[in-house]
Amino acid sequence: MQKQKADAVITEYLHKIYGFSVKKCYYYEEAEEMCSMIVEAVYSSLLKANEIANIEGYIWRISENTYAKYVSSKKKHEGLPLQDAEMPFWAEYSFDDESVEEIRKLRREIAFLSEKRRRIVYMFYYENKSVSGISKETGLPEGTVKWHLNKARNALKEGYSMERKIGKLGISPVTSEGISHSGSVRFGGAPEDFMRDRLELNIVYSVYWSPKTKSEIAEELGLTLVFIEDKIDRLEKNGYLVKTSGGRYTTYVAFSPESFSSETYENGLKVKLKIAEELAEKYAPQVCEAIKDFKDVYIPGGNRELLEAAAIFYGISNKSGITVKKDLSEYLIKPVIGGEHFALVELKQENLTPSYKSELNVARYQACGDMIRWSSKYPSVRSWSIDSILDSRIGGYANNWEFDYEYLYEYICGELPDNIANSEKINRLRERNFLSPENDVNIMVAKISSSDFFDKIPFFGEEIKNKFSGKIIEYAMNEAKNYPPQMQDLIVHRSAELFIGNTVAIMTMDILYGNGTFRPLNEKERVTANLLMFSDRLPE
């Protein structure tokens, strides 16, 4: 089985394997150890297997075998039954099956306590330590230790006497169709690195519509807190969960609604298409006029329309001037590794109008956000790009390195000869097609600072803004109603600001290429479509 498929199987069954382990063990530490052993055995077996007809049965057979080997090992090395080895203070007693089940139920409830309360309960009841002793060891006042013990007892009584209910996400967890960001990220600090794991994705989503405590998150997911507490702490530490009053958590990650209407969505695209027609007629000529005197630019193949098209695309995406003024600082996620960004998750959505026949090629209008790269090594080096259907670049933001532009700058300056010593850098430039097979620079390079160039591009005129701004703000307000209260300021701002964005820019370019204003791009030109590098040197 391919590694990617094996990873997906493990992710899907991980919480079930842990549940199996909890039922078989009394100690949550031992449950985690067994879960780890089973996952290792299952994963190793999956990688060696071909097609498996019954995945679930296959996993449970391995789980039972791993458990049996574990019990055998315990008996061999300790001479005790598994439960006696786990719970030495029970060794003097014998229990019938009903009592053992009651003990398991109590252990399950202990596992639902917070880490701090689990530790205090363990020290007080298992290690027979006094309140004063626990106070000294934990650094907590004696009154606080007593308070935690009282709260733990009440929680255990309540949980023990009730039938635990699994929340919606425990029965039907959400699935991501795409995770993205708007802003700056460091490698390893993007939303994908924190929510690619389906469990962590659902932990964040569990607090999206209403704040929850750690225990409430665990109950919503149908898991014991011990299994997810470290994940909750990691997500909080990196800004994906935000603690509110009463020890509850919320999130400022923007999840798309779980349902949509393809008819409603396409009606919005038709409005955008009308805006694109207006911009192609009135705004595009203004941009071309604004940059016509700019000559310090290298364009592979010499087609100046590439520069004009990039400037028009940037202007439409960034200079509409239509926005809703909001302070969005609280929505910025700042991982420990660095960077700050808005986090966006596209959920798997139910189409409320599945029979609607689309008239537009919806997939064509997808694009990433502005990708800005800058060099700390060479201050004049910077780049701007947007990946879309119009270009041939692959890999998105993760394949767009600041080093690419540093290497190219060194090549332009004659400091990167094509030899064995520089083979890694040269191969990277060729891999991205930044160097042609003939070793020519294959992207546009402008001898100007990025800010000075973008300042040349005009904002929309008042005529265009006045014609569409009212409808756009109304659309944004209606869109925000599909989101929880803490997200609505962000959604209003983004919906208004991005309504005329990359989608409208692609539509405008389609019109300009389609009506003969610009000639269609060839494959070589598609390498640098909507990609500009800025530096103090031009290729010769």
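Let me begin with a term that will come back throughout: a residue is called buried when its relative accessible area is under 20%, exposed when it is over 50%, and partly exposed in between, using a 1.4 Å probe and protein chains only. What I am showing is a predicted model, in which local features need pLDDT of at least 70 and side-chain atom pairs count only at pLDDT 80 or more, while totals for chains, interfaces and linings use all residues. Residues are numbered from 1 along each chain as its sequence is written, and side-chain values use heavy atoms, with hydrogens and water left out.

First, the overall picture. The chain has 22 helices and twelve strands, where helices (H or I, at least four residues) and strands (E, at least two) are DSSP runs numbered from the N terminus. Of the 540 residues in the chain, 47% are buried. If we take a contact to mean heavy atoms within 4.5 Å, then among contacts in the chain with a separation of 6 or more, 75% are between residues 24 or more positions apart.

Let me turn to a sheet. Two strands pair if DSSP finds at least two bridges between them, and on that basis there is an open sheet of three strands, in the order β1-β7-β4, with mixed pairing. Its edge strands are β1 and β4, each of which pairs on one side only. Strand β1, residues 176–185, runs antiparallel to strand β7, residues 339–347, and nine bridges join them; within this pairing, V185 stands opposite G339. Strand β4, residues 254–255, pairs with β7 in the parallel sense over two bridges, and here F255 has V345 as its bridge partner.

Now the aromatic residues. Rings of Phe, Tyr and Trp (its six-membered ring) pair if their centres lie within 6.5 Å, and planes under 30 degrees apart count as stacked, over 60 as edge-to-face and the rest as tilted. The whole structure holds 19 aromatic pairs. One of them is Y314 with F454, whose ring centres are 3.8 Å apart and whose planes meet at 5°, so this pair is stacked. Because Y314 lies in helix α15 (residues 305–318) and F454 in helix α18 (residues 450–456), the pair ties together parts that are 140 residues apart in sequence.

The charged end of R428 sits over the ring of W401, 3.7 Å from its centre, and that of K272 sits over the ring of F499, 4.9 Å from the ring centre.

What of the nonpolar interior? A nonpolar core is a set of buried Ala, Val, Leu, Ile, Met, Phe, Trp, Tyr and Cys residues joined through side-chain atoms within 4.5 Å. The largest such core has 119 residues, and those with the most contacts inside it are I228, F453 and I500. Leaving aside residues up to four places away in sequence, I228 touches L199, I203, I217, A218, L221 and L223. There is also a second, separate core of 20 residues, which includes Y298, Y378, L408 and V527.

Finally, let me look at some asparagines. Is N442 buried or exposed? With a relative accessible area of 5%, N442 is buried, and its place is the loop between α17 (423–431) and β11 (444–446). N442 touches, among others beyond four places in sequence, P300, F434, K524 and V527. A polar contact is a pair of N or O atoms within 3.5 Å; within protein, one must be able to donate a hydrogen and the other to accept it, and residues adjacent in sequence count only if both atoms are side-chain atoms. The side chain of N442 reaches the backbone oxygen of N433 at 3.1 Å.

N433 is also in the loop between α17 and β11, but is partly exposed, with a relative accessible area of 39%. Its phi is near 65°, a positive value in a residue other than glycine. N530, too, has a positive phi, of about 60°, although it is not a glycine; N530 is found in the loop between α22 (523–526) and β12 (531–534), and it is buried, with a relative accessible area of 4%.

Notes: A charge sits over a ring if NZ of Lys or CZ of Arg is within 6 Å of the ring centre and within 35 degrees of the ring normal.
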